[in-house]
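Here are some friendly notes to read beside the model. Please keep the 3D view open and take the points one at a time.

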Amino acid sequence: MLRYALRRLLLAVPLLIGITFVSFIVIHLAPGTPGEVQTGDLSIQSDRDVQKLLMELYDLDKPLHVQYAKWLTRLVRFDFGRSFSPDARPVLQKIGERLPITLLLNVVEMLIIIALAVPIGVLSATRQYSMFDKVTTVFVFVGFATPDFWLALLLMILFGVQLGWLPISGLRSLNWEYLSFWRQQGDFASHLVLPIIVATFGGLAGFSRYMRQSMLEVIRQDYVQSARAKGLAERVVIGKHALRNAMLPIVTVLGLSLPGLIGGSVIVESIFAIPGMGQLMVQAVFERDYPVIMGNLVIVSTLTLGANLLADVTYGLVDPRIRVGARRGRR
Amino acid sequence: MVLLALLAILAPALAPWDPNRPDVRKILDAPSGVHPLGTDQLGRDVLSRMLYGARVSLAVGFVSVGIASLIGTMLGAAAGYHGGVVDATLMRLVDLMLVFPRFFLLLAVLAFLRPSIWTIMAVIGLTGWMGVARLVRAEFLALKEREFVVWSQAVGASGLRIVWRHILPNAMAPVLVAMTLGIPAAILTESGLSFLGLGVQPPHATWGNILNEGKDAIEIGWWLSVYPGLAILVTVLSYNLLGEGIRDALDPRLRQSVGRIVTRR
């Protein structure tokens, strides 16, 4: 098992280098000579300032391989430079204070998706073509097609504006400081309700679909039939024999869809004004704060890579066949 | 869906008003006989803007998927046909591209380029070819062992000819499905970017940026937020259903398995 995990880890190394390489290319996307980055409608003076900063930061006057090597050595030391915005704080610090809320959102989303998608998928697979199955199928198609930002707007209109039940932006109410500790937690949670519903919606549709598909395949297998033939209760057959096997591919799908989920937080965070990585990214793009953009890109993709790795290893843990395969591969 | 395409193509003829002409006397008018879907903050007719927006959204969908399929097919074909080092390198490239959360990558690229309809198309296309590449590669791996390919190799046909005349036509079915499903995905991405204000720039109307402007008037002008989103939903839904339909029609295995279950019952 350890060997399998290590092998996966080794495979991730070239990907990590690839991430830095692609990000490096992105810096050079700017038209004209690298220094002449378009700075929008800023004045000529600030245009020159930004150019000078960029030149210094990325050593744009040196040959390409030197630039890359220098950039890489700074990355290894987690030095992403300083933000171009007036506060000029280190990029790492800016990202660091926004990372926890984005992680929190994504983890909660993930848990809710799994908690709902698995039973939905199992039920609609075991009762294929039932009313429940048909309703969920419609829900899945609508879920796939709903733009998350639109859903967010509709929910804001309904719950925020019309009914006034839930706050529609930020993380804290104005009177937050005057609330008791528990009230503060409650306030925080109520601010997260709508963003989490929105972020969960699309993913839920996809996952329940995969779960249904996977379950349909498994219940056709011989071992499920023989478990039934043994006289086991249907609940045991489905819950124990079928479900476990049907869950396997889901772990992989989970890993693969992580980039999508994290990418989705860009929109959710911007709409609900949640100070996370996604919102930081959008702000940085508007302000053309290049060091923050690059830092964000590298950190988010590295995190995704890490999460993928975790999913792979989990897959190895739950599926004995993989471990056997790895051992056989060694010979 | 044909209707959607027609609406988009005929937008200039159908639109009751000039989509970009503001009218200060009609700011944020609710839907009425004159303006069926109301007007926005500048008094522009929402229905006309949506019709013109349909052109942008559909064009972005088609062109970016075209770019993605072209790249995906070429790289997938190269990987599947040559195998070995070429295959390994290209597939690692696919893995690499899949590690980036697409929205972050899109935003980073757009920060350096100036967003316009063309850059949006190019960028969505350039970040969306990985799925097609994998599909085509898998098809090629299976097809290149088949008799008719081996036979044409034996007769001495050139590599390019074999790929183009014999393998590719047989590998196109899943690509077609992927393309059909890719269009709605691209439309969603474009409208998401435009919604953030980083996609197609005003005064060009797209469903995404009408929604973006509608967000500011959310408490008064609900029609600005509801209708463009509904348009996106319907468009994406119809393309998804079409894609599923094509897949079912092309994949006999699926029909068989469905049949089996029915007989068991």
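1. Helices here are DSSP runs (H or I, at least four residues), numbered from the N terminus. This is a predicted model, where local features need pLDDT of at least 70 and side-chain atom pairs count only at pLDDT 80 or more, while totals for chains, interfaces and linings use all residues. Residues are numbered from 1 along each chain as its sequence is written, chains are lettered from A and ligands numbered from 1 in the order in which they are written, and side-chain values use heavy atoms, with hydrogens and water left out.

2. Which element gives the largest share of the lining of the second largest pocket? That is α11(A), with six residues. The elements giving two or more residues are α1 (2–27), α9 (234–271) and α11 (290–318) of chain A, together with α4 (84–99) of chain B.

3. By class, this lining has 13 nonpolar, three polar and five charged residues. Ala, Val, Leu, Ile, Met, Phe, Trp, Tyr, Cys and Pro count as nonpolar, Asp, Glu, Lys and Arg as charged, and the others, Gly among them, as polar.

4. Now turn to chain B. The axes (lines fitted to C-alpha atoms over the stretch in contact, with angles from 0 to 180 degrees between N-to-C directions) of α5 (residues 102–112) and α6 (residues 117–126) of chain B come within 10 Å and cross at roughly 140°. That makes α5(B) oblique to α6(B), as angles under 35 degrees count as roughly parallel, over 145 as roughly antiparallel, 65 to 115 as roughly perpendicular and the rest as oblique.

5. Contact means heavy atoms within 4.5 Å. Arg102(B), Leu106(B), Val109(B) and Leu110(B) of α5(B) meet Ile120(B), Val123(B) and Ile124(B) of α6(B). These contact residues comprise six nonpolar, no polar and one charged.
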